Amino acid sequence: MSDEKRTWLDRTPIPALPWLTIEVMVFAIFVLLAVLTRFYDLETRVMSHDESLHTYYSWTLSQGQGYQHNPMMHGPLQFHMLALAYFIFGSSDFTARIPAVLFSIATVYMLWYWRRYLGKAGVLAAAAMMVISPYMLYYGRYVRNEAFAALFGVLTLYAVLRYFETGISRYLYLLAAATVLHFLVKETAFIYTAQLLLFLAAYLIAQITRKPWEENENDYRGFIISLLVGMLSIGGALIAAKSGGQAAGDAAETISPAIPGEAASQLAAPASGSMTTVVLVLIGLLGLAAAIYFLVRSYGLEKVRQERSFDMLMLVGTLVLPMLTPFAMKVLSPFWQNTFGASIAIPISSSDLSTFTIASMVPMGIILIIGIAISVVVGLWWNKETWWKAALLFYALFTIFYTTVFTNGAGFFTGLLGSLGYWLEQQPVERGSQPWYYYMLIQVPIYEFLPLLASIFAAIIGSRRLAQAREQADSVSTNLPNTYALLGWWSFSSLIAFTIAGEKMPWLTVHITLPMILWGGWAIGSVIERMDWDDLKQRKGLLVLALMTVFTLSIVGLFLSLLGEPRPFAGKDLAQLQATTTFIFALIGAVGSGWGLFRLLDGWALRQMASLNALIFFGILAILTTRASIRANYVLYDTGMEYLVYAHSFTGVKDVLKQVMELSNLTTGTDTAIVVAYDDDTSWPMSWYMRDFKNARFYGGQPGIDLREVPAIIVGDNNFSKIEPIVGNAFYRYDYIRMVWPNQDYFNLISKRPDPSQPFDENYSCKGALGIFRLFRGSDFSRVCNAIGDPAMRAAMFNIWLDRDFTRYAELTGSQGLTQQNWDPADRMRLYIRKDVAKLVWKYGVAPTEVVEADPYEKGVLTLDADLIIGSQGAEAGQLNAPRGIAFAPDGSFFVTDSRNHRIQRFSADGQPLKAWGSFADQAAGAAPIGTFNEPWGIAFGPDGSVYVTDTWNHRVQKFTADGAPIKMWGVFGLPADAPDALYGPRGIAVSDNGLVYVADTGNKRIVVYDPDGKVVTQFGSEGFDPGMFSEPVDVKVDKQGFVYVTDTWNQRVQVFGYDGAKYYPTLQWPIAGWYGQSLDNKPFMAVSPNGHVFVTDPEGYRVIEFTTEGEYVQIWGTFGAEKSNFGLAAGVAVDANGQVWVTDAGNHRVMRFTVPEK
């Protein structure tokens, strides 16, 4: 260290403590700030969706229930760290975040060892940025993998630089340890490894091609050409594989991932481009083989082996090679599928290993063994002594954690193969569906503008600093070429790699920010160290700093004033005068401070002035970054107003939890003894928060009548309609926001033009300086130009960037969902509290938002088993797929609309299939002759023996003989005003004793009456709530007296109509405490029995309700399920001549017969 320059950072304020330099003190302050900022208020924020998955399964591990690796939730290390934290400190939101906090602090501390590469001031600058970085801070307090990966990323880069500098083998072991630890955390390790291997390969090539091989120039050229062919071919293969991949998942999985272990998954084979990929790979391998041949023959293998970059390339490449074999499996899988009838298996979860066939596992084993063999042979050839130790370290840690200390053997294979396999499977899904500019234009500019601009500054000053470093002997200067190249490459390639990757999520910005902080820290540090601080002090340094700050802020103020709205000197109203005043004061500040600086710095070197200005500029950015970080972490941390979150839990989750715990305390004496039920929509994070509630019930997506006995019910918005008929009048309701996403108006900023050959329209907004966008004729930049060119929109976006203030933006766009109270996009949730419990202990002091309508069906509930069940799911004779309508013939046989098989089936009275007719055709897409259907729903049997069917999505009625022979059809899609025979999604149908045909024209909100030949006789009804008006009329029936009954679904009532010889008029209506949802399946049918009773289905209430024809409730039966007394979706209903009630169960694909006791 004798060559190291001493600076003001080396001074010792306390002579008795010579080790306590200013550098140590400042760095210690940053570490202390890291501790304080990471631990402060750690408990308050709600566990987000993804966090709760990690916390819950770590908790089950800590409870002795084991852990099975699943790459959907990334690597196992975090789960073991969390389980250890629970074991030591107990489980809570605070303790769950301790591991991430400690690793985040360790990342800051690790920078101390970078002084040889960043310089002393550079380390302090990087530490400062690491502490205040919004992303580093936010995800350093977040139960995700990024805090762990950041530390291992810093260790990886450090190990590379140290080995470059020293060549000592212990840094190879450190590199191996850092690499495997990253693989134990997250699949981003594959990106880091690819970045490292590419860098080392490029470094090695640069070293060996630095000078032509004078005695073998032909081989030198052959090496270059072969290498280029190999690299271009491999690159083309990767592009072909990416474009030809087939998604095996759903983009929505980002916010709603499957629970690990629920279902096996297998890697999907590419749909196209496989042969192209194989050919390109083969050409690439041949090219690389030729390059190696020329290299070995003329340059010499021993020379190559002396290169330190070659050592690291061999080490990392061979250690990771077995984990890369899924690439080969994916490429070869289509060939294996075509040849042997089975795709190559890649285990994603533990259960996969038990579901794969021998034909799919054999090639997997062969490819894996080949990969391991190549790894071992090449590794031992490279350096036997070093490699076996590094391999032992790598795979010992790998095996221990992926198998959960040898308790989950399958975890070794899901880690070794499934990690990359799942990642390859998910990239085409593009979860989150973010645009390609998501990081470049959104995340980094909004939050990480400081390291971004600092790294750009590093790129600008790099060549000059590298030239200066050649003349100096200190460690920073001698290491600078490697440091600069590595950090510059890592900053650039991270931005590109994560932009190209299919999945784009905010937390991945951590990996883009990390190298920018290091690279930018070096740049800022180099300016600090080159400043002549003593000279500045003699020139009244504090005053100079103050004036320079004023000057910089004044210039920024002038710039913003000229670009803002209103502009200065634009008028005399209050806002315009304020703009003018702002401009004038900014101008005065700039002129005055500029004059003062001119006087104080007269004769000062221009370089010193530029350096000081740069430091002030970065200082201002640091203040803005700190402000953004504080706001994101401690103010708006639970809202969608911050862009660094996604699928983020809102405060409503803990509000609900607080109420449930208070209710539990008041009713049971403890916080967690109450019986509370929650659904699948709220299960994350509620599974985590319910862990100590021993009486908690998970009812999934199918609430049952038994929930009426539960004091508190938690439900998400996807299940609102299902819970409402159950809670009825017995519960109070509270509404909350459960989960939020950031505003995503940045989508589709750039769209494709339909015809790029056409000139732009005269009104195209990209004009003047923005006309440069016209060069891109295939793209439409209207939204970009409108935003940039409109001063009001510029000001609104600046308010969002600076203050997360969406007020002005909401005014300009007319958006109503940009306040915390009504944020959109968001998912909602409800808490239902049983009234009798609440009345005993009510102390909340807040009135419930709404009392649900009365449920009059609590009495008269039957438990009724079907005495005959017909059908199962399928398309064979007698099998059904979502059966809907049902109608009886006089001989006791019955007809069923087999809706999703697009056919009609006739059964005997005892359920034997007799006849089936129909096939699929979509009239909107082409010809749909009579006898073809697009989801038939309603069916009726006429007095003349004809069968009438509503062909719902072909918007027509078809008439057949009882044997299925076609007779007639009528109806076209449209509104009544468009055509007299227009229909819109007709469903229910009935035929009176005199042959009139009644059709529920659902979409047109009316009932149409036809004669038997399809001629319109009359119609009645229109959209509305008044008697005689409808909202979604689904079914229609006619009784023996000629009264017409209609299920007026969305008005939640049955209406009855009489006929006076001229028109139909409403005579009666009664409410239905059900039919809450408005899904395409929640369409109730009815039947009128010979004894004068009306049976209606409540499809998503999974029940049948019986009334008298006067609307008096009689009884009810049915719950959700697949047993004899259950329904999967109660659809159609009919009563046979014996009074038995038949129900089509569309959810379980069956028809059920009940003998209902008279009451």
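Residues are described here as buried when their relative accessible area is under 20%, as exposed when it is over 50%, and as partly exposed in between (1.4 Å probe, protein chains only). The model is predicted, so that local features need pLDDT of at least 70 and side-chain atom pairs count only at pLDDT 80 or more, whereas totals for chains, interfaces and linings use all residues. Residues are numbered from 1 along each chain as its sequence is written, and side-chain values use heavy atoms, with hydrogens and water left out.

The structure holds 39 salt bridges, each being a side-chain nitrogen of Lys or Arg within 4 Å of a carboxyl oxygen of Asp or Glu. In one of them Glu165 pairs with Arg116, the closest N and O atoms lying 2.3 Å apart; this pair links distant parts of the chain, with Glu165 in helix α8 (residues 146-166) and Arg116 in helix α5 (residues 115-118), 49 residues apart. Helices (H or I, at least four residues) are DSSP runs, numbered from the N terminus. Glu165 is partly exposed, with a relative accessible area of 24%, and Arg116 is partly exposed at 27%. A salt bridge also joins Asp1098 to Arg1103, with 2.8 Å between the closest N and O atoms, and both of these residues are buried.

A search of the whole structure finds one disulfide, a term that denotes a pair of cysteine sulfur atoms within 2.5 Å. The disulfide is formed by Cys766 and Cys785, whose sulfur atoms are 1.9 Å apart, and it is right-handed because the torsion about the S-S bond is about 100°. Cys766 counts as buried at 0% relative accessibility, and Cys785 counts as buried at 2%.

Definitions and conventions:
Helices (H or I, at least four residues) and strands (E, at least two) are DSSP runs, numbered from the N terminus.
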